[in-house]
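This briefing goes through one protein model topic by topic, for a reader who has the sequence and the coordinates at hand. Please keep the structure open while reading, so that each place named can be looked up.

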Amino acid sequence: MSFSYAKNCLQRFCVDEFQMNTETSNGFFSSDLLPSLGARINYATKLRKFIISPFNPRYRCWEMFLVVLVIYSAWISPFEFAFLSYKEDDALFIIDHIVNCFFAIDIFLTFFVAYLHRESYLLVDEPKKIAIRYLSSWFIFDVCSTVPFQSLILLFTDHKESGGVGFKLLSMLRLWRLRRVSALFARLEKDIRFNYFWTRCTKLISVTLFAVHCAGCFNYMIADRYPDPRKTWIGAVNPDFKKQSVGDRYITSLYWSIVTMTTTGYGDLHAENSREMLFDIFYMLFNLGLTSYIIGNMTNLVVHWTSRTRNFRDTVKAAQEFAKRNQLPPRVQDQVLSHICLKFRTEALKQDETLNGLPKAIRTSIAHHLFFPIVQNVRLFQGVSPNLLFQLVPEMEAEYFPPKQDVILQNEAPTDLYIIVSGAVELIAKIEGLEQIIGKAVAGELFGEIGVLCGRPQPFAVRTTEISQILRLSRTALMNILRANPEDERVVMNNLLLGFGGFGYVDHQTNGGPEIKRHHDTALTSIDINNLEARVKKQEGDDVQEINKSMNDVSLNLENKKELNEQKVELIGPDEKGTKSCQLKPEVPCCSNSCSTISSGSKVTKSTNKRVTIHMKKNESLQGQFGKLIILPDSLEELFRVAGQRFGGYNFKKAVNAEDAEIDDIDVIRDGDHLFFL
């Protein structure tokens with residue numbers, strides 16, 4: 001085997017049904033943008049009049065509009081501080097005032113926006129509490145970032161372009177608004193509709209560009225304010241730099257900032273005085289931290305992105321070495337590799353991690369939503385109470401199996417019962433040294449019930465034919481729940497026994513293979529269990545009569561149970577010594593080999609143990625009619641009743657044998673006779 005084969009297996013087995021489908025909402029401004037913990041339960045909360053919900057779509061749209069204005073403020077504030085002088089008729093002067101008005105409106109609206117309580121995670125809509133919370137937190141900073149310091153510059157500097165440095169510094173308080181951008185990125189990183197890798201990269205690029213922009217502006221401001229322009233980093237190269245356009249000076253500043261940040265060294269632009277040297281020192285120290293932050297984040301993103309693939313390759317390589325070292329057969333090697341490939345794909349669903357981290361009640365609700373409709377339609381649980389199904393479903397575990405994967409092996413110890421959710425399996429028995437397909441099970445059917453409920457080895461192997469999701473229920477959990485529900489226990493055993501005689505099981509002792517027959521139009525495949533087990537035991541040299549006697553006892557007990565309503569099934573799990581067996585109480589049918597006797601207190605009449613094959617005579621010919629193998633009851637009336645039930649409710653009055661002789665006494669019927677009913 002090679003890794004290319006593993007790659008092919010991955011492409012083959014990992015189909016769309018295992019892809020995680022994420023629901024999308026109505027738009028980017030939708031209230032479904034991931035809120036704070038517990039906030040989703042407040043979407044439908046009715047608030048007081050004039051109080052705004054923070055999850056209202058319109059308010060979310062307003063916040064996104066403010067984020068756009070914040071981006072503008074973050075760029076224009078350092079640029080105006082370094083390169084521009086304020087004028088009343090300037091377009092930027094008017095735009096700044098309009099932007100400040102929008103943020104002033106937001107300050108007013110904040111007094112009417114409900115907030116999420118940190119302890120209860122419920123919305124608080126009391127105006128007094130909202131006002132106190134806002135006044136004691138961000139109100140002062142929001143006001144300072146909204147004050148029109150541009151107008152104060154014009155008022156106190158008497159329109160001198162050289163003045164107003166202090167007020168310009170105060171106007172830099174507008175950068176406080178960047179906290180809105182930080183909160184936006186925090187929400188986007190948690191929102192599964194947006195790719196985490198690209199969201200994180202966008203944030204890192206934005207931080208880098210903002211740092212480059214601010215450093216270039218501040219460094220130019222230092223050079224512009226220095227007394228001797230020729231002794232500055234830009235004046236040493238271009239003494240008349242102040243006569244250049246604003247765009248040229250800004251690009252030169254960005255060039256210096258990027259060269260310094262990337263540590264490529266100084267060439268034509270470098271510090272010329274102590275002020276610039278001091279600023280460069282702090283800027284390069286800041287760059288050390290920023291560079292480490294960026295490199296660390298990018299490394300984590302790349303490692304997280306590729307770690308699963310690397311682990312998959314290591315697992316495949318280890319499996320290859322293990323198979324080679326232990327000389328495993330090719331078929332087993334293929335199964336191991338297929339399982340690894342499927343597990344690699346299904347791990348992305350994070351199902352086990354998600355469920356294990358939830359409380360038991362939530363896990364139970366999820367299990368009922370996913371699997372209850374499937375389990376209630378399984379033939380073994382037909383007629384049981386909803387209470388039993390409610391207890392069984394949470395105990396089941398979902399597992400994925402690739403094609404041609406063995407789920408259980410023939411003669412394997414009975415430990416689990418399986419229900420197919422999706423996919424299909426084949427039932428395979430090894431007869432005379434060859435594997436033969438004796439049946440098939442599809443979605444909604446189960447297997448393994450014979451071994452689990454009868455306490456005997458599995459009569460056949462089960463192998464998947466396509467990717468399958470299968471529910472697994474442990475024998476211990478099933479037995480404990482059945483013992484706690486005696487009435488449902490009886491119904492389950494009835495359904496199991498009816499599976500042997502009520503779904504068209506036949507026993508034609510021919511030289512051919514096991515006979516398979518479908519019951520009407522159902523998807524259930526019925527298997528001749530008696531014939532199959534007899535052939536397998538004959539090959540192994542075991543006692544055939546003991547197996548037949550066990551199955552006969554099962555059918556006999558079913559007939560007796562129908563006659564005596566006081567009978568009751570009780571399945572007994574492992575005893576103190578750890579052996580698995582079934583025990584029989586008085587007048588109780590049981591499915592184990594060791595439970596074929598009736599206690600001394602039983603009132604049940606001992607059966608003759610004769611086996612006969614019954615047919616319904618449809619025409620004059622008595623041959624070629626498919627029959628049903630039953631245990632001969634104690635009277636002709638009971639025989640007519642059983643035959644009527646087996647053939648769909650007919651009321652038979654006459655029975656003849658294969659020689660067309662009428663039967664008038666139960667004692668004249670011999671073991672193995674074929675009876676025809678009219």
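Predicted model: local features only at pLDDT ≥ 70, side-chain atom pairs only at ≥ 80, totals over all residues.

The protein chain has 678 residues, of which 45% count as buried, and its secondary structure comes to 21 helices and 16 strands.

**Strand E13 and its two partners**

- Strand E13, made up of residues 611-616, is mostly covered, since 5 of its 6 residues are buried.
- On the antiparallel side, 4 bridges join E13 to strand E14, which spans residues 628-631.
- With strand E16, residues 674-677, E13 runs parallel and is again joined by 4 bridges; here Ile 614 stands opposite Leu 675 of E16.
- As a general point, the strands of a sheet pair through backbone hydrogen bonds, and they may do so in a parallel or an antiparallel manner.

**The open four-stranded sheet**

- An open sheet of 4 strands, with antiparallel pairing, has the order E3-E10-E5-E8; its edge strands are E3 (397-401) and E8 (446-447), each of which pairs on one side only.
- Strand E5, residues 416-422, is joined to E8 by 2 bridges, and the two run antiparallel; within this pairing, Ile 419 stands opposite Leu 446 of E8.
- Helix H14, residues 360-375, packs on the sheet and touches E3, E5 and strand E10 (468-474), with its direction making about 100° with that of E5.
- Helix H17, residues 475-483, lies across E5 and E10, and it runs at about 55° to E10.

**Asp 125 in its loop**

- Asp 125 is placed in the loop between strand E2 (123-124) and helix H4 (127-135).
- Asp 125 counts as buried because its relative accessibility is 15%, which is under the 20% cut-off for that class.
- A polar atom of the Asp 125 side chain lies 3.2 Å from the backbone nitrogen of Arg 48.
- When neighbours within four places in sequence are left aside, Asp 125 is in contact with Leu 47, Arg 48, Ile 51, Ala 114 and Ile 130.

**Cysteines**

- A search of the whole structure finds 0 disulfides, a disulfide being a covalent bond between the sulfur atoms of two cysteines.
- Cys 214 is in no disulfide, and the nearest cysteine sulfur, which belongs to Cys 217, is 6.7 Å away; a disulfide would require the two sulfur atoms to be within 2.5 Å.
- Cys 214 is buried, with a relative accessible area of 8%, whereas Cys 61, at 38% relative accessibility, counts as partly exposed.

**The chain as a whole**

- The accessible surface of the protein chain comes to about 36800 Å², and 57% of that surface belongs to carbon and sulfur atoms.
- Among contacts between residues at least 6 apart in sequence, 69% join residues at least 24 apart.

How values were computed
Residues numbered from 1 in each chain as written. Heavy atoms only, no water. Buried < 20%, exposed > 50% of the residue type's maximum accessible area, 1.4 Å probe, protein only. Polar contact = N/O pair within 3.5 Å; in protein donor to acceptor, adjacent residues only side chain to side chain. Contact = heavy atoms within 4.5 Å. Pairing = 2+ DSSP bridges. Axes fitted to C-alpha atoms, helices over the stretch in contact; angles between N-to-C directions. Areas by Shrake-Rupley, 256 points an atom, 1.4 Å probe, with all protein chains shown as cover.
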